[in-house]
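Dear colleague,

Please find below the structure I am handing over to you. My findings follow directly after it.

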Amino acid sequence: MTARRVLMVTESERLGAAAVASARSDGRLRRALDSDLIYSFCRSPVTVIAAVGTVLMIGSALLCPWIAPHNPFDLASLNILDATDPPAWVKGGSWSYPLGTDEQGRDMLSAILYGMRLSIAVGFAAVALAATFGVSLGLIAGFAGGWIDTLIMRIADVLLSFPAILVALLVDGVARSVLPRDQQDAIAIYVVVLAISVLPTVQFARTVRGSTLVERNREYVQAARIIGVHPALIAVRHILPNVLGPVLVIATINLALAIINEATLSFLGLGLPPTQPSLGTLIRVGQNYLFSGEWWMVLFPSATLAGLALAVNLLGDWLRDALNPKLR
Amino acid sequence: MLAFVVRRLAQSVAVMLAVGFIAFAMFRFVGDPVNSLVGQDTSIEDRAKLRHDLGLDDPFVVQFARFLGHAAEGNFGVSYQFAEPVQRLIGERLPATLELSFTAVLLALAVGVPMGVYTGLNPHTWLSRLFMSMSLVGVSLPTFLTGILLIWIFSVVLGWLPSFGRGDVVNLGGWTTGFLTLSGIKSLIMPAITLALFQMTLIMRLVRAEMLEVMRTDYIKFARARGLPNRMVHFGHALKNTLVPVITITGLQLGSVIAFAVVTETVFQWPGMGLLIVQAIGFADVPVMSSYLMLVAFFFVAINLIVDLLYYAVDPRLRLDRAAGAHGH
Amino acid sequence: MSGPLLAVEHLRIEFPTRRGILTAVDDLSFQIAEGEVLGVVGESGAGKSLTGAAIIGLLEPPGRIAGGQILFAGRRIDNLGREEMRRLRGKQIGAIFQDPLTSLNPLYTVGRQITETIEVHLGLDAAAARRRALDLMAEVGIPAPEQRIDHYPHQFSGGMRQRVVIALALAANPRLIIADEPTTALDVSIQAQIIALLKRLCREHRTAVMLVTHDMGVIAETADRVAVMYAGRLAELGPVRAVVKQPRHPYTVGLMGAIPAIGGPRHRLAQIDGAMPRLGTIPSGCAFHTRCPSAFEHCLRERPDLLPAGASAAACWLYAEGRA
């Protein structure tokens, strides 16, 4: 093992093995979840605020067709005369557009709500996709061992040494080059989800592989194999539950990262298009109007994105500390 | 030691070959080079001739070898978007990116390490808690948001600093530098801070975590039990042990500086490699994309190699091999 | 010098936790005379290491000294400021810990770690410090000190490393050394050597030792007196010969019975039923009464004082006035 690899036993791998160990000593992860986790949750006001904030944001994102004052995608309802109106409390604004309007006359509040929904949706989709593939890959690698394991882990190593945004950028770029130009806006969302999910997939795979390796050598697994239980069944029935703890932590961390990466891609103009804007797209468009004084077009989406990212990150931080057996 | 170096070199070459393969595949098969180079009116015979002239009819392996050969020389073909040799484009942009990255890393280290040491040694003071909260914000915020915030405050509201471009640059025999002019330095400030912020918080948290862990070790306890003064315990023993993994992980993080440079350059319209690749992707400019991939991969591989060697040099446990081993009892 | 070197009086160490306050060491009192070796024996979790840590002032928060006092050479030390305590450490009171590998900084040579200790406490210059370090290394029995002084800890074997640790502890010539399980991490064959070394050096330097261990055999070899701890309290205290040959407290009886004897008839090792109670679940009255074959109703009601019993003293109501 190179020194770097020794060093870079990533948090995910350590978590993987450690969580398995702690699950053993606590009997079942569920019991630990019930007591210490909830306790430390209630003890930290910051975390509670973060959780409440996250729930509020996700909730409003889910409910936005009902709670948004306007539908920003309904072109017929847009009034060009209302374009670039300031927020309600500034001279020239009105309460029908509480946060002002953008250059096309779309209500900022509604655009932000829908944008947040898109951002969260893409984030969740990317993480879900990554989790599905990653966990499966990890189980396969850990169980099969041999050259399959080595191959998957080598690829994982190389990929993991690149930052997520670069991988997402390049996957996005290749997809764009391959797909016909006129289709690009319509399927942009799928391309973005795919691009963002590549690196988390590898992370999940690494962690799950670590836990699988630990579990594979335990007596009960050996016993099951001797009896002739199919490896897939062993993997799903026994190993998977033990791995859920760190998978959850990685999922939360990656959710925040996915949301940020999607925002970054959209900001660069390579993510979601203005016809289907996420928060990142709104910020990109808004930046052009910053100097002409229409600050609301960029600041409100920015604040929302910052709040969202912060809240999810705080939750992930707390979850990671709470599940860390070393700090118990 | 030699075996180790050779092995790592071989690994690096293998990775570069793999990346080269991907870059070549992109280059050759994504989109049609001929169609991208010529206008719509060109006849089919002319296209076929062009295809042949470009060597696109040759067997795959030959093309791959040729690609690698060209890559080794730095020849990456011609950009679809700018109709200029990619090599020249990169040459123009590289100094901008390198200067920005270098400044950012320096800044991140200069601020991050002391903050990390302080919060590691005094984890419960209000200042430490403040730093930790700030660092959480720094880690959570996307780079471009920080950039926009800085632009709003310092360019729009205060009007102190320019919000785009590099300012005036001085050409030193091919290398354009912004360090030597006032406008160059002014233009550098906000982008460098934006780029450094994420790194800074990461380094701070890393140093802090390492410090906390080191302070719990037995040898620190023993050093205390021997009555060594705090200064010696903290900065003699603890710090050295902390910095070893920190240095190596920071080196590995250099890669993410290159990545986030892409975003920072876009926010500030900084004429570097990052802006180039974003434009290239938007345009589906495959030669630029594939050469960027090769270049970035090369950076990463080189950095990883250097970091591995550095770690080997610094930690005596790895250096003195099994050959020396334990003597006596 | 009149009076004991170290006097621990009614020491209480507490840990505030979210389940309430746990008392890890409860009303512990003993003394160590100058040059004496006191063995402190007991199971894991009995509070032996904590006591040592408290004496040298390295008790880790949230643990804290909640009652009693510790006197060194007649002077109270448990309430000293940080800097004063630091000056005491190494120079007056030294410590040796269990694992010699983790006790030494892996990135510094052994010589550097010894000389820095010498320079801090004895104020010698670099050359003089190095000479003294070489002398120390020779004294603890490390062969070829001139070469080994520039070696790193991982280049030494376990036993050699512990010798280095001993050299480090003795570097400033302290009057008391707290040795916390100094041989537990070593091979059995090496243990005897290290114990002999410790004994010899302490005799030569007139250094008192508080030898904490769970190994009764080591105590029997090395100590002058022995203190048996149970659940954070003192069970028995007396000269080592007396306690080993004729243990008084039922717990000590059980301990000695569990040690196999070489030679003599082979029979089943006696075993004490149950296990030492964890903090927070210590029974009322005498902590041992739930496992004691001789318990009676007074044992449940009241915690016994340390009562004289033959040549030693035992915290057991069996030795109250009027009983056998």
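In this predicted model, chain C holds an open sheet of four strands in the order 2-1-4-5, with antiparallel pairing. Strand 2 (20-32) and strand 5 (75-76) of chain C are the edge strands, each pairing on one side only. Strand 5 of chain C is joined in the antiparallel sense to strand 4 (residues 64-72) of chain C over two bridges. Within strand 5 of chain C, Arg75(C) is the residue that stands opposite Phe72(C).

Next, the contact between chains B and C. Chain B contributes 22 residues to it and chain C contributes 31 residues. On the side of chain B that touches chain C, the elements giving two or more residues are helix 9 (218-225), helix 10 (230-268) and helix 13 (316-319) of chain B. Of these, helix 9 of chain B gives the most, with six residues.

Finally, the division within chain B. This chain consists of domain 1 (2-72) and domain 2 (89-328). Their contact draws on 15 residues from domain 1 of chain B and 14 residues from domain 2 of chain B. On the side of domain 1 of chain B that touches domain 2 of chain B, the largest share is supplied by helix 1 (residues 2-29) of chain B, with twelve residues. That side of domain 1 of chain B is made up of eleven nonpolar residues, three polar and one charged.

With kind regards

Notes: Residues are numbered from 1 along each chain as its sequence is written. Chains are lettered from A and ligands numbered from 1 in the order in which they are written. This is a predicted model: local features need pLDDT of at least 70, side-chain atom pairs count only at pLDDT 80 or more; totals for chains, interfaces and linings use all residues. Two residues are in contact if their C-beta atoms, placed from the backbone, lie within 7 Å. Domain bounds come from an automatic or database domain assignment. Ala, Val, Leu, Ile, Met, Phe, Trp, Tyr, Cys and Pro count as nonpolar, Asp, Glu, Lys and Arg as charged, and the others, Gly among them, as polar. Two strands pair if DSSP finds at least two bridges between them.
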